[in-house]
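Take a look at the sequence and structure below.

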Amino acid sequence: MAKPELDQIVQDFEAPATGDQTIRLSDFRDSHNVVIYFYPKDNTPGCTSEGQDFRDLHDQFQAHDTVIFGVSRDGLKAHENFRAKYEFPFQLISDKDESVCGLFDVIKLKKLYGKEYMGIDRSTFLIDKEGRLRKEWRGVKVKGHAQEVLEAVKAL
């Protein structure tokens with residue numbers, strides 16, 4: 001499956017999310033920009049900080065007709081707990097089968113304490129109201145990232 005290219009329509013997907021929802025990318029076409037951020041694991045320091053940064057800027061994203069979704073391979077129960085604990089106002093998508101991760105090509109070989117494993121490369125994608133990929137960030141460093149994404153949304 002080809003990863004989405006800038007200025008091209010992103011392939012539609014459907015995935016389970018918190019709040020007992022099924023998220024379909026096409027449901028937001030013509031009404032909202034979509035920010036999808038992929039993170040490695042619920043309740044880890046970097047992933048918590050990133051979620052809190054998007055949470056703290058959520059009202060500004062909403063003011064620019066933009067919805068936010070966090071995606072990891074964690075299950076819905078872990079996502080619900082993570083979302084409640086940090087009061088995230090956006091839904092978290094559970095991608096246990098890695099279908100959404102695969103669509104965006106975010107599963108990479110990583111190293112931790114000398115061990116290699118396949119994991120999520122922290123990445124964010126901005127999709128406009130037409131369903132086109134407008135910007136992508138790969139290998140994201142958390143500090144200042146959510147603000148940078150917000151600036152990109154404002155520039156649409």
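Here is a quick tour in two parts. Keep in mind that this is a predicted model.

- Let's start with β8, which covers residues 123-127 and is mostly covered, with 5 of its 5 residues buried.
- In a regular strand, side chains alternate between the two faces of the sheet.
- You can follow this along β8: Ser123, Phe125 and Ile127 point one way, while Thr124 and Leu126 point the other way.
- β8 runs antiparallel to strand β3 (residues 33-38), and 5 bridges join the two.
- Look for Thr124, which stands opposite Trp137 in β9.
- β8 and β9 make a hairpin with 5 residues between them, and Gly131 in that turn has a positive phi of about 90 degrees.

**The largest pocket**
- The volume of the largest pocket is about 220 Å³.
- Its lining includes Pro40, Lys110, Tyr117, Asp121 and Arg122.
- Both α1 (45-56) and β7 (115-120) supply at least two lining residues each.
- By type, the lining of the largest pocket splits into 5 nonpolar, 3 polar and 3 charged residues.

**The second largest pocket**
- The second largest pocket holds about 170 Å³ of space.
- It is lined by 14 residues, and the closest to its centre are His58, Val67, Ile68, Phe69 and Pro89.
- β4 gives the most to this lining, with 4 residues.
- The lining of the second largest pocket has 7 nonpolar, 6 polar and 1 charged.

How values were computed. Residues are numbered from 1 along each chain as its sequence is written. This is a predicted model: local features need pLDDT of at least 70, side-chain atom pairs count only at pLDDT 80 or more; totals for chains, interfaces and linings use all residues. Side-chain values use heavy atoms; hydrogens and water are left out. Buried means under 20% relative accessible area, exposed over 50%, partly exposed in between (1.4 Å probe, protein chains only). Two strands pair if DSSP finds at least two bridges between them. On a 1 Å grid over the protein atoms alone, a cavity is a set of points where a 1.4 Å probe fits but cannot get out, and a pocket is an open set with protein on both sides within 12 Å along at least five of seven lines; lining residues have an atom within 4 Å of a point. Grid points are joined across faces, edges and corners, and a volume is the space filled by probe spheres set on the points. Ala, Val, Leu, Ile, Met, Phe, Trp, Tyr, Cys and Pro count as nonpolar, Asp, Glu, Lys and Arg as charged, and the others, Gly among them, as polar.
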